[in-house]
Amino acid sequence: MIIWSDMEFGQLPFVFLLISNIHSGHTDERPKVKVSIKPDQHVFRGERVTLRCDIDGEGVTSWKYSWYKDGSNSVFSELQEHTFSSVTESDAGKYSCYGAERGGSRTSHISDEVTLTVSDKPRAVLSVSPQKWLTEGDPVTLICEVKGSSTGWTFSWFTLTVLSDSSNHYQLLSDSSRGAGGNYTVSSAALNHTGVYVCRAERGKPAFYTTYSNTQPLWVTGVSPPVSLIISPSRTQHFTLVSLSLSCEDKSNSKRWRVRRYTDNKQLEDCLISNWGSQTGSTCKISSTVPSDTGVYWCQSESGENYHPVNITVHIGVILESPVHPVTEGDSLNLCCLYPYTRPPNLRADFYKDGSLIQSQTTEMIISTVSKSHEGFYYCKHPERGESPKSWISVRGVSNELSHSESQISVLHTLSSVLTVCPYLLVTVVLIFKCCGMRVTSVEEEETSV
């Protein structure tokens, strides 16, 4: 005989409850129970989390709910909805629910266990597709994710800016709504999309925020930007302990420009308020380069427009001398391998493109007529001095504007030729008509005399 009169109903082990239901004759009639967790089964420390027990039982006006955790016989809550106002790791576990009719004999099935996972504060993760280096007009998508959790999040998008005290600040994008669903898509990248981006996710009420994501830069180059970044010496790779000048050249002189950079250690910095360079007018000078100067440099206007990013590498040892700006199809490309501790600095070295050897033991590699197929990563390697960093050589086609201009020049040339010939044609036509008129007059006079 089983005696449970001295036990509270809510503390009965699951097996006793099952036996009770069998003896009461409700085995086939017991309603099913569904347990749900909001906002998600995977949550983060500090979030507001609600467990809800729903029983599909017709004819029952009131249920007494019993919540169990991790297979324990102890009831920790008798509410249909149990809320953790600020969940912690200790609240993680497997939860199930059971119901009994208040004032009646009906009972429910015991629900399947639902697992609640609690992790430390989440961080959004930002990535770029298809790539961070773009040509004006290319499509690009910034993708923001919360690793391990995808339910109920909304996303905000920011650009990284530098304040007057050199600290970094996140500025919300005015069109941040385009990032709904975790994707911020630009169908046609413009030059001023150049910049450093971050994202953040939130969910629930009150709002629970992730930390800011990793930074993710976008670099957009164009055929004819309104301002050019002029680098001296004119190459993308530089030796250490040398001076380097970067100037923002605006042909219209319509704006004042500042040189900014995003270094390999993920720092956004402004030359005007830095301790690594000094800016006079629109020119930034680095007196003695060091490897930490490696990064992307560009020009920014007073209104915040970013143009003409250039990837600069400062390296101890062998460097590759390559053009700063994209090479136009049909032009020539010259590459040299340099070493600071020899005179002259040119080395006889091997040249590589995208990891494949393309020319061996020469001081200079020359491609007389560049095509789009020559675009890629180049570096040089010396058997004793080592190898240079890789540099991306970009190849651009002849622009539509240039083709249109050439077409206009051709038309003007043809028109000019026609106009040059026209006076001679006109004189010839007049003489022909005059001769014809004289012949007609002569014939008429002869007929009259006859």
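Student: Why does cysteine 248 count as buried?

Tutor: Good place to begin, and please keep in mind that this is a predicted model. Buried means under 20% relative accessible area. Cysteine 248 comes to 7% relative accessibility, so the label buried applies.

Student: What makes cysteine 248 and cysteine 299 a disulfide?

Tutor: The cut-off is a pair of cysteine sulfur atoms within 2.5 Å. In cysteine 248 and cysteine 299 the sulfur atoms are 2.1 Å apart, so by that definition they form a disulfide. Cysteine 299 is buried as well, at a relative accessible area of 0%.

Student: Why is the disulfide of cysteine 248 and cysteine 299 called left-handed?

Tutor: Look at the torsion about the S-S bond: it is about -105 degrees, so this disulfide is left-handed. Its cysteine 248 sits in strand E19 (residues 244–249) and its cysteine 299 in strand E24 (residues 295–301), so the pair ties together parts that are 51 residues apart in sequence.

Student: Which handedness does the link of cysteine 144 and cysteine 199 have?

Tutor: That link is right-handed, with 80 degrees about the S-S bond. Cysteine 144 belongs to strand E10 (residues 140–146) and cysteine 199 to strand E14 (residues 195–203), so parts 55 residues apart in sequence are tied together by the pair. The sulfur atoms lie 2.0 Å apart, and with the limit at 2.5 Å the pair therefore qualifies as a disulfide.

Student: How do you know whether cysteine 144 and cysteine 199 are buried or exposed?

Tutor: Compare each value with the 20% limit. Cysteine 144 has a relative accessible area of 4%, so it is buried. For cysteine 199 the figure is 0%, so cysteine 199 is buried too.

Student: What can you tell me about cysteine 53 and cysteine 97?

Tutor: They form a disulfide, with 2.0 Å between their sulfur atoms. The torsion about the S-S bond is about -95 degrees, so this disulfide is left-handed. Cysteine 53 is in strand E3 (residues 49–55) and cysteine 97 in strand E6 (residues 93–101), so the pair joins parts 44 residues apart in sequence. Both cysteine 53 and cysteine 97 are buried.

Note on methods
Residues numbered from 1 in each chain as written. Predicted model: local features only at pLDDT ≥ 70, side-chain atom pairs only at ≥ 80, totals over all residues. Heavy atoms only, no water. Helix = DSSP H or I, 4+ residues; strand = E, 2+ residues; numbered from the N terminus. Buried < 20%, exposed > 50% of the residue type's maximum accessible area, 1.4 Å probe, protein only.
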